[in-house]
Amino acid sequence: MLTLRNVSARYGSFQALFDVSLEVNAGESVAVIGPNGAGKTTLLRAISKLIDVSGGIAMNGRSLEDVPAHEVIAHGISHVPENRRLFPRLTVEENLKMGAFLPQSRGRFAERLEFVYSLFPRMRERRSQLAGTLSGGEQQMCAIGRALMSGPKLLLLDEPSAGLAPVVVQSIMELVKRICREGYTVLIVEQNVRQVLQVVHRAYLLETGRIKSSGTAAELLDSGTIRKAYLGL
Amino acid sequence: MDVFDIFLLEAVLNGILLGGLLALLSLGLNLIFGVIDVVWICYAELIMIGMYAVYMLHVQLGWPLLAAMAAGVGIVAVLGALLHQFIIRPVLAAEPINQLLVTGGVLFFLQAAATLAFGIEFRNLGVRMAPVAIGEMSFSAPRIIAFAVAVAGVAATYLFLTRTYVGTAIRAISQDRQIMPLMGADPDRLFVITSAIGGALAGLAACLLVLQYDIHPAIGLSFGPITFLICVLGGLGNLVGGLVAAFIFAQFISVGGFFFHIEWGYVLAFVFFIAVMFWRPQGILGGK
């Protein structure tokens, strides 16, 4: 579904990604793990065209090279950004409405809203509350719900567990699992290696802008380097 | 009622009428600052262009007044969009002082252009309306019309910003500019739309002012400073604060003018403004 071929990206003179190639197949959930500053967020920003990149990015065989950032979502890619980035002074429902901003999404707003509310009943309770007043876990639900409002094929999740209490992290990971079961393809970036490897099919290890290894979740959980560097075993 | 009480009540009601007009004046400027983070120092000059547009179409070309006014709103809306596209957009990432200087340059350009095109003589539409008498009080008809239309304009803007996708997106982009593309919204397009709305509000204000005031190339200087001060008083970029500040300012001008002299009303309003700036430099409802 999503293919990256030799993607490089830089911020000024600092190169953040070096020839990254990866693949996400339809129906799969894939994680990109790695330490702080490895380029994980940059990778998702590159896919969403929020930064300039070189190399090939294609969605369902169609190149995103000449696609501006605001049209990427029309190709079925929806991005939950780092730190959730809700609109704090809009209500929960208005935030969800922004997720359905595309003209082709507006007609199905009511139907999708119902779906998001059935997925997150808490959001229905809080629908007219300002998003800035939600708890961290609720904000993450709202951010994921907002990204689902466009009816995407591929969901990009940037550190959904960041800044959340351990028990909330657990429920967010359950949620990611459920979203995969609903039929969404997911590419998730995480520092919380142990927990994310429990919910995804495959993973790539990204270090200092380069893919260092990849495999199924089970393989990576067993691999010596990952056990030592990221799981503390 | 005592004669004094009646005159006081009349002054208060006149203040409310003026408040509606000032609220409309400040809304466009405030909206643009709140969303794009740029102060259009030349905002009142757009109003001046709108007044000339209505005058030229109605008096020189003989269009019906309402048609001339509708065209005036449209012309200033387009002018607002062009101002953003060609003047603001290139300096969007520049220092605030540069943005201020650029729009300040547009102010003098528009004044000079109007002087060249229309000369310095005062012009007016020549519309005369009988005052409206309520009991023993009397009110100017253009002021009542201005109040009603201004309230309708503010209400329409509110409904647009809260009920439509594009309006909600305009509020959203004022809170987080970088991630708007992830929603499928083109920030450049939202900024142009916001600027056109700001222009349309200036055009609407022009239609109301042209019924009450003579037109000349420097007329913007009569409204510009007070419009800007109202926005600052309410909390720059805070739309509700701007509306509240407009009505407070109008009462100072109207009631203060009643107790002393009309010029004193303005003095009191500005003294109040300075006092508030000491007490709450972020404005009455400003959060920062």
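The legends below describe close-up views of a predicted model. Residues are numbered from 1 along each chain as its sequence is written, while chains are lettered from A and ligands numbered from 1 in the order in which they are written. In this predicted model, local features need pLDDT of at least 70 and side-chain atom pairs count only at pLDDT 80 or more, whereas totals for chains, interfaces and linings use all residues.

**View 1. The open sheet of chain A has four strands in the order S2-S1-S4-S5, with antiparallel pairing.** Strands (E, at least two residues) and helices (H or I, at least four residues) are DSSP runs, numbered from the N terminus; two strands pair if DSSP finds at least two bridges between them. The edge strands are S2 (14-24) and S5 of chain A, each of which pairs on one side only. Strand S1 (residues 2-11) of chain A is joined to strand S4 (residues 53-59) of chain A by six bridges, and A:Thr3 stands opposite A:Ala58 in S4(A). Helix H1 (residues 40-47) of chain A lies across S1, S2 and S4 of chain A and runs at about 70° to S2(A). Axes are lines fitted to C-alpha atoms, for helices over the stretch in contact, and angles run from 0 to 180 degrees between N-to-C directions.

**View 2. Strands S4(A) and S5(A) form a hairpin with two residues between them.** Two bridges join S4(A) to the antiparallel strand S5 (residues 62-63) of chain A. A:Met59 stands opposite A:Arg62 in S5(A), and A:Asn60 takes a positive phi near 50°.

**View 3. Chain A meets chain B through 21 residues of chain A and 14 residues of chain B.** Two residues are in contact if their C-beta atoms, placed from the backbone, lie within 7 Å. On the side of chain A that touches chain B, helix H2 (69-72) and helix H3 (92-99) of chain A each supply at least two residues; the largest share, four residues, comes from H3(A).

**View 4. Helix H3(A) is largely enclosed by the rest of the structure, because seven of its eight residues are buried.** A residue is buried if 20 or more other C-beta atoms lie within 10 Å of its own, exposed if 12 or fewer, and partly exposed in between, with C-beta atoms placed from the backbone. Among the buried residues of H3(A) are A:Val92, A:Glu94 and A:Lys97. Their cover includes helix H5 (109-119), helix H6 (121-125) and helix H7 (136-148) of chain A, together with helix H6 (165-173) of chain B.

**View 5. The largest nonpolar core has 165 residues.** Such a core is a set of buried Ala, Val, Leu, Ile, Met, Phe, Trp, Tyr and Cys residues joined through C-beta atoms within 7 Å. B:Met51 and B:Phe249 have the most contacts inside this core, and helix H1 (residues 3-36) of chain B gives the most to it, with 14 residues. Not counting residues up to four places away in sequence, B:Phe249 touches B:Leu22, B:Ile230, B:Leu233 and B:Ala269.
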